[in-house]
Amino acid sequence: MRISVIGTGYVGLVTGACFAHMGNNVLCVDVDREKIDLLGQGRLPLYEPGLKELVDRNVNEGRLSFSDSTSEAVRAGEFIFIAVGTPMDEEGSADVQHVLDVARRIGEALDGYRIIITKSTVPVGTTKKVKATVKEVLKKRGLDLTFDVVSNPEFLKEGKAISDFLNPDRIVIGIDCPNARERMQALYDPFCRTDEKRILFMDVASAELTKYAANAMLATRISFMNEMAAICEATGANVDHVRAGIGSDSRIGRRFLFAGVGYGGSCFPKDVRALIKTAQTLGVSSRVIAAVDAVNQQQPRQMVSKIKDHYGRGGLAGKTFAVWGLSFKPETDDVRESPAAQIIDGLLKEGAKIRAYDPVAKEPFDRMYALPVEYAQDMYSCLEGVDAMVLITEWHQFRRPDFVRMKQLMVKPVIFDGRNQFDPDYLLERGFTYISIGRAPVNWDRNC
Ligand SMILES: NC(=O)c1ccc[n+]([C@@H]2O[C@H](COP(=O)([O-])OP(=O)(O)OC[C@H]3O[C@@H](n4cnc5c(N)ncnc54)[C@H](O)[C@@H]3O)[C@@H](O)[C@H]2O)c1
């Protein structure tokens with residue numbers, strides 16, 4: 001099949017590479033010339049495990065190519081995916097201007113039947129607007145061409161994007177045209193050979209809303225556990241035990257129940273807020289989702305407060321903190337809405353100095369936030385002469401560090417752990433001051 005993907009970011013590039021991997025001919029397009037130039041030189045504009053190898057192989061075997069021309073994409077593909085960004089606007093809604101801009105460009109270049117697919121996360125009604133926009137442009141051109149527009153939201157996780165795309169839990173397709181249904185089924189059949197029921201056909205509005213509902217549900221679990229962690233701290237309970245205790249209930253399940261400094265990234269914060277905005281606009285109450293967002297906004301601030309509380313009157317001025325992790329989660333260089341930015345900013349405002357280390361996200365973090373941060377070459381040199389370490393992203397390499405070496409490097413062995421990576425008792429025994437989220441060292445009752 002011939003496929004065009006417009007927007008070559010985290011979603012578009014993975015989508016293009018994975019469709020090419022299944023034997024299709026794919027053209028990936030982006031307005032960002034720099035990205036297209038990089039891809040032309042065999043370099044990736046982003047970090048995603050396994051993506052470089054997949055892109056290289058498919059480019060070398062002639063199934064994947066890149067361009068900055070939307071009209072070329074429209075001519076080349078029988079399926080045209082729109083995978084451009086839908087960032088948050090000033091009011092908290094999803095800004096769909098890039099999606100509609102692509103729709104206009106498609107209308108300007110359309111020359112026959114195509115299936116246009118909104119893969120970007122868009123508020124209910126946007127896919128209809130895409131259709132109307134293409135129609136309007138065609139009308140201006142004096143053309144009456146047939147085309148179909150389908151909603152196919154993406155559920156991949158950065159860091160595991162390729163396996164998510166190749167082995168999806170489900171493929172949601174919102175459709176109101178029978179012709180396109182058969183073609184969409186054929187397009188996705190290779191991804192669900194063992195279980196064709198993984199393709200869920202539904203109406204367009206339900207498909208669009210499913211994406212927001214999924215992200216809001218996952219965000220809800222995280223904020224719920226963060227609230228539990230605060231209650232644990234106040235009561236002396238341990239959120240790890242509470243998590244294990246509820247996660248073993250098959251109705252609840254174990255995933256997305258970790259307390260921490262809050263969720264970030266390019267999806268949850270903006271999608272939760274966009275859903276609140278949609279509900280508001282329609283006069284529907286969204287109290288649960290609004291609370292999820294409010295709890296999350298508080299989490300990074302709470303970490304800064306914990307650090308300030310620890311130092312009390314002495315304050316943070318003149319202290320140096322090592323920060324481990326800048327990306328919003330491990331295995332990605334995506335720093336959009338990363339809690340690291342808010343925590344570092346909060347510490348800097350208190351007069352602290354920051355030395356940070358991240359395995360891949362240093363450049364994107366520096367580019368996006370331009371904070372006065374010193375960047376270290378590795379996780380241990382980051383600790384030299386610091387007053388404390390703040391762990392923000394749970395990269396694998398941070399999970400079992402050499403604590404003896406850490407203690408030697410740090411002026412004071414103090415760890416603020418924003419992801420509950422270490423055992424409080426173990427660290428206490430080794431002479432660390434260890435402050436995490438919703439957990440305290442066990443106070444054994446020696447008399448019983
Ligand atoms: N990143 C994720 O994990 C993820 C997961 C699921 C869904 N989504 C959704 O997918 C969409 C894309 O997200 P992303 O993270 O890949 O964004 P991104 O910012 O990484 O990439 C978007 C790309 O679109 C390009 N672009 C913008 N306007 C364009 C135009 N008119 N023509 C061609 N290219 C254009 C940009 O230059 C950019 O390269 C968003 O709606 C997002 O919410 C993202």
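This is a predicted model: local features need pLDDT of at least 70, side-chain atom pairs count only at pLDDT 80 or more; totals for chains, interfaces and linings use all residues.

Reader: Okay, which residues of helix α8 are buried?

Author: In helix α8, which covers residues 178–188, the buried ones are Ala180, Met184, Leu187 and Tyr188. Looking down the axis of α8, these buried residues fall within an arc of 80°, so they line one face of the helix.

Reader: And what does the face of α8 turned away from its buried side carry?

Author: That face carries exposed residues, namely Pro178, Asn179 and Glu182.

Reader: Switching to charges, how many salt bridges does the count come to?

Author: The count comes to 23 salt bridges. One of them joins Arg439 to Asp240, with their closest N and O atoms 2.8 Å apart. This pair links distant parts of the chain, as Arg439 lies in the segment after β14 and Asp240 in helix α10, 199 residues apart.

Reader: Is Arg439 buried or exposed, then?

Author: Arg439 is buried, because its relative accessible area is 10%, and the cut-off for buried is under 20%.

Reader: What about Asp334, which residue does it form a salt bridge with?

Author: Asp334 pairs with Arg336, the closest N and O atoms being 3.0 Å apart. Asp334 counts as buried at 2% relative accessibility, whereas Arg336 is partly exposed at 34%.

Conventions
Residues are numbered from 1 along each chain as its sequence is written. Side-chain values use heavy atoms; hydrogens and water are left out. Buried means under 20% relative accessible area, exposed over 50%, partly exposed in between (1.4 Å probe, protein chains only). Helices (H or I, at least four residues) and strands (E, at least two) are DSSP runs, numbered from the N terminus. The arc is that of the directions from the helix axis to the C-beta atoms. A salt bridge is a side-chain nitrogen of Lys or Arg within 4 Å of a carboxyl oxygen of Asp or Glu.
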